Amino acid sequence: QVQLVESGGGLVQAGGSLRLSCAASGRTFTFSSYAMGWFRQAPGKEREFVAAIRRSGDIRSYADSVRGRFTISRDNAKSTVYLQMNSLKPEDAAVYYCAARYFPASEYGYWGQGTQVTVSS
C-alpha cells in the first residue's frame, strides 16, 4: 500500500507563491519506481491535470494553464514530490492532489487526501 500526504497549501494573495509537498511512503514502496503527478479540483468543477514528472525526474509535463508559472520536481532520496507555484491567480484556487503511477501503468493508482490552495484577488 502507498500513502501520499500533501502539505503546503494555504491562503495567498494573487501574484504570490506557494510550494506544495507530497511525501510518499509504504511498506514495500519504492518511490523511484513511480511517476508522480499533481491534479486539482475546484468547487463545481472536475478534477484536472496540473503537472507530472517521470520516475527519474528528467521529463516533466504541464497543463497549458500553469506552464511557465508552476514547476514540478522530485527528490527520490526523500520520497517527495514538489509543486512550486508562482504568480498565482484566483483561478488557481482548488484542492490540490498528488498521485502516483507505477510504471508501466497508464493510470494513477494512488492519491493523497489533498491540500487546499486559496488565492485572494
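**Contacts.** I looked up how far apart in sequence the contacting residues of this predicted model are. Among contacts between residues at least 6 apart in sequence, 54% join residues at least 24 apart.

**Elements.** I then went through the secondary structure. I found eleven strands and zero helices in the protein. Read from the N terminus, the order is β-β-β-β-β-β-β-β-β-β-β. The radius of gyration is 14 Å, close to the 14 Å that the globule rule gives for 121 residues, so the protein is as compact as a globular protein of that length.

**Extent.** I noted the span of the C-alpha trace along its principal axes, which is about 45 × 25 × 25 Å.

**Burial and surface.** What share of the 121 residues is buried? I got 45% for the protein. For the accessible surface I wrote down about 6500 Å², and 46% of that surface belongs to carbon and sulfur atoms.

**Charges.** I looked up 14 positive and 9 negative charges in the protein.

**Gly44.** Where does Gly44 lie? I found Gly44 in the loop between β4 (34-41) and β5 (48-53).

Conventions. Residues are numbered from 1 along each chain as its sequence is written. This is a predicted model: local features need pLDDT of at least 70, side-chain atom pairs count only at pLDDT 80 or more; totals for chains, interfaces and linings use all residues. Side-chain values use heavy atoms; hydrogens and water are left out. Helices (H or I, at least four residues) and strands (E, at least two) are DSSP runs, numbered from the N terminus. The radius of gyration is taken over C-alpha atoms; the globule rule is 2.2 Å times the number of residues to the power 0.38. Buried means under 20% relative accessible area, exposed over 50%, partly exposed in between (1.4 Å probe, protein chains only). Contact means heavy atoms within 4.5 Å. Accessible areas come from the Shrake-Rupley method with a 1.4 Å probe; for residues, only the protein chains shown count as cover. Lys and Arg count as positive and Asp and Glu as negative; His and the chain ends are not counted. The place of a charge is taken as NZ of Lys, CZ of Arg, CG of Asp or CD of Glu.
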